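Please open the model in a viewer and keep the selection panel at hand.

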Amino acid sequence: MFSDFSIKKYFLVKENAVKQRYDQSDIRRLNVISVLNQLRLNGAMSRANLSVRLGLTRATISNIVTDLMQASLISETVYAEGGAGRPGILLNLNPDAGCMIAVEIDLDRIWVVLTNVGQGCIWREDVSLPLEYGADESLELAAGRVARALEIGALRGLSCFGICVAWSGLVDGIGGQLAYGPISGWEQVALKRDWELRFEVPVHVENEAHAGAIGAYHFGLNRGVDNLIYLSLGVGLAAGVFVNGALMRGDQGYAGQVGHTFFAANQITCGCGKEGCWVTEIGATAIHRKLLAANVILPVEASVGFDWLECVHEQALVHDAKVLQVLKAVGRQLGEGLARLVQTFNPSVVIVGGRLGKLMQRVEPTIKEALLAEVLPCMAERIDLRVSDSDEDQRMGCLATVYDAIMQNPPIGGETHRSDS
Ligand SMILES: [Zn+2]
């Protein structure tokens, strides 16, 4: 279900903390996290198996299991052993221990997904966002849908473990705000504290490219790959980078703003105020501009929206020459830029995702050719490039963030699951 992330993260936090000595409560917590991790990595396991795997006594495992069952985080399954032996009992994570909410706020839409902790979808809604909406109006619309999700969860008797909101731009996870959106122009938009007061559940905020990388790291084809670049391509352009199994966040948590690095002397002013940023060549607005310049007929609407995207995708599917020529040119620029990232971080997997992933999939060979042509040969051999047509990576990353917070601080023995991150 998930990759083994929590224990690494726990030790990382401990190593950075002022307090360096581990006490009894730390050891107990690590044992609890270890049991949960074993179950999420391996599925159903017996008490005896857990005891052997973790090198803990049967009595310790029994105590932990009792606490986790009282908190409804795990459940027992009875299975019939072959022959005349007694029925066995296996332990498993309880998918209905509670629910989680993932939210993505983009320039033109908001989506909200309610799942159980097994990531089984209970309810979802995609809401179009009027382009004239500012930050306050967008957040209020999102909050209304979150309130509805919480009602639906409560009707099912599921308490909510947390909400994670993905945003594009410089997201301050500790302060719980969007510090600056280079494309939207939004600045210092607070969310975490207000929503925690309003909804009384832990709220996390995450950069959408980081969320995509977390989703790719925990789920799907490239699950558990320790050196991975996830490039999110939409109106904005940013990367989430895993190096040696850890997401690179940087000093302020803003790492990955690769779309605002200089790429071409095109004299085009970017939303960030600079000229020639990579996003001004391959972002959604740039592709829209290039399609119009190539005399491709597009629906008449603001270039920042995505109504034109399906139309272009359909034209690419029927091999429209003008459309494919533009996409291939953009694909080459995408590959050339990716080569710089590959040489900087030396990943084994590169995923291109985001709102434009499905469109750019049409020219995946061109992207790969340009990437391999630019990368040092000895680094090129091992690169696995994938252009993702799924827009689920971000929301899966949000759900993984909420679940990881549960794993870091399991709500057992009267302890709260409120998170500080
Ligand atoms: Zn820029």
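**Overview of the chain**

Colour the chain by secondary structure: 15 helices and 15 strands are present. The model is a predicted one. Of the 421 residues in the chain, 41% are buried. Among contacts with a separation of 6 or more, 61% join residues 24 or more positions apart.

**First stop: the largest nonpolar core**

Which residues touch the most other members of the largest nonpolar core? Select Met100, Ile101, Val103 and Ala213, which hold that place in a core of 111 residues. Then centre the view on Ile101 and display its contacts beyond four places in sequence: Val112, Val113, Leu114, Val146, Ala149, Cys160 and Ile163.

**Second stop: helix H7**

Select residues 208-218, which form helix H7. Why is this helix described as largely enclosed by the rest of the structure? The description applies because 11 of its 11 residues are buried.

Is Ala190 buried or partly exposed? Ala190 counts as partly exposed because 15 C-beta neighbours lie inside 10 Å, whereas a buried residue requires 20 or more. Outside the four places on either side in sequence, Ala190 is in contact with Gly176 and Gln177. Now draw a distance from the C-alpha of Ala190 to that of Val205: the value is 10.0 Å, for two residues 15 apart in sequence.

Display H9 (residues 284-293) together with H11 (residues 321-345). Their axes come within 10 Å and cross at roughly 140°. H9 is therefore oblique to H11, and the crossing is right-handed. Show side chains where the helices meet: Ile287, Lys290 and Leu291 represent H9, while Val323, Val326 and Val330 represent H11. By class, this contact comprises 5 nonpolar residues, 1 charged residue and no polar residues. As a guide to viewing such a contact, an α-helix has 3.6 residues a turn, so residues three or four places apart point the same way.

Notes. Residues numbered from 1 in each chain as written. Predicted model: local features only at pLDDT ≥ 70, side-chain atom pairs only at ≥ 80, totals over all residues. Core = buried A, V, L, I, M, F, W, Y, C linked by C-beta atoms within 7 Å. Buried ≥ 20, exposed ≤ 12 C-beta atoms within 10 Å, placed from the backbone. Contact = placed C-beta atoms within 7 Å. Axes fitted to C-alpha atoms, helices over the stretch in contact; angles between N-to-C directions. Helix = DSSP H or I, 4+ residues; strand = E, 2+ residues; numbered from the N terminus. Parallel < 35°, antiparallel > 145°, perpendicular 65-115°, else oblique. Left-handed = near helix turned anticlockwise from the far one by under 90°. Nonpolar A, V, L, I, M, F, W, Y, C, P; charged D, E, K, R; others polar.
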